[in-house]
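Hi everyone, thanks for coming. I'd like to walk you through one model today, starting with its pockets and then moving on to some side chains.

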Amino acid sequence: MSHTVQANSRIRWRYQLFLAEGHKVEASEDPAGDILQLGKGDIHPNLESALIGLPQGEPIRLIIMADQAFGYPDPDAIQTLARDEFPADWQLNVGQIISFALPSGQEIPGKVRDIRADSVVVDFNHPLAGHNITFELEILDILEA
């Protein structure tokens with residue numbers, strides 16, 4: 001019986017994520033394969049849904065267009081925050097990624113785009129928003145959940 005990845009599968013896999021022009025963004029760290037439990041939100045839901053139905057033991061290369069990957073940048077996700085919302089002793093830099101806690105307790109990353117006298121412009125778009133990506137992966141093992 002051939003195994004394929006299901007929505008709640010626990011898998012051992014190796015992967016590499018590239019921007020369309022070939023820049024490597026991320027890769028699995030363990031040469032023996034990383035463990036991933038689907039359905040837990042550990043990877044972007046669009047990448048997770050691309051894994052469902054894939055077979056075990058076959059190298060696979062997926063090209064995922066921006067709208068199916070991390071979406072397009074949303075202008076509303078760029079927020080201007082008061083400088084005094086940040087600790088006074090913080091050294092802020094353009095390009096810096098800061099983790100922000102939402103009222104729900106969830107944490108989201110924001111990238112500092114501009115620092116003004118009394119405000120800071122922060123971009124909450126996913127850093128890969130707007131990019132087509134290449135996802136190279138191999139499902140090494142589908143483990144019992």
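Let me start with the second largest pocket: by class, its lining has four nonpolar, three polar and one charged residues. In that count, Ala, Val, Leu, Ile, Met, Phe, Trp, Tyr, Cys and Pro are nonpolar, Asp, Glu, Lys and Arg are charged, and the others, Gly among them, are polar. The residues that line this pocket are Gln106, Glu107, Ile108, Pro109, Phe124, Asn125, His126 and Pro127. Its volume is about 190 Å³.

Some housekeeping before I go on. This is a predicted model, so to speak of local features we need pLDDT of at least 70, and side-chain atom pairs count only at pLDDT 80 or more, while totals for chains, interfaces and linings use all residues. Residues are numbered from 1 along each chain as its sequence is written, and side-chain values use heavy atoms, with hydrogens and water left out.

For the pocket search, a pocket is an open set of points on a 1 Å grid over the protein atoms alone, where a 1.4 Å probe fits, with protein on both sides within 12 Å along at least five of seven lines; lining residues have an atom within 4 Å of a point. Points are joined across faces, edges and corners, and the volume is the space filled by probe spheres set on them.

Now the largest pocket, which holds about 320 Å³ of space. It is lined by 16 residues, and those closest to its centre are Glu26, Ile43, His44, Phe70 and His126. Two or more lining residues come from each of β1 (10-19), β2 (24-27) and α1 (45-51). Helices here are DSSP runs of H or I with at least four residues, strands are runs of E with at least two, and both are numbered from the N terminus. β1 gives the largest share of the lining, three residues. By class, that lining has 11 nonpolar, three polar and two charged residues.

On to the aromatics: how many aromatic pairs does a search of the whole structure find? There are six. Rings of Phe, Tyr and Trp (its six-membered ring) pair if their centres lie within 6.5 Å; planes under 30 degrees apart are stacked, over 60 edge-to-face, and the rest tilted.

Tyr15 and Phe135 have ring centres 6.4 Å apart and planes at 70°, so this pair is edge-to-face. Tyr15 sits in β1 and Phe135 in β9 (residues 133-143), so the pair ties together parts 120 residues apart in sequence. Both residues are buried, where buried means under 20% relative accessible area, exposed over 50%, and partly exposed in between (1.4 Å probe, protein chains only).

Phe100 and Phe124 are also edge-to-face, at 5.0 Å centre to centre and 75° between the planes. Phe100 is in β6 (residues 97-101) and Phe124 in the loop between β8 (119-123) and β9, 24 residues apart. Phe100 is buried at 16%, whereas Phe124 is partly exposed at 22%. Ring pairs link Phe86, Trp90, Phe100 and Phe124 into a cluster.

Last, Asn125, in the loop between β8 and β9. Asn125 is buried because its relative accessibility is 13%. Its side chain reaches the backbone nitrogen of Asp74 at 2.6 Å. Leaving out residues up to four places away in sequence, Asn125 touches Tyr72, Pro73, Asp74, Ala77 and Ile78, with contact meaning heavy atoms within 4.5 Å.

Definitions and conventions:
A polar contact is a pair of N or O atoms within 3.5 Å; within protein, one must be able to donate a hydrogen and the other to accept it, and residues adjacent in sequence count only if both atoms are side-chain atoms.
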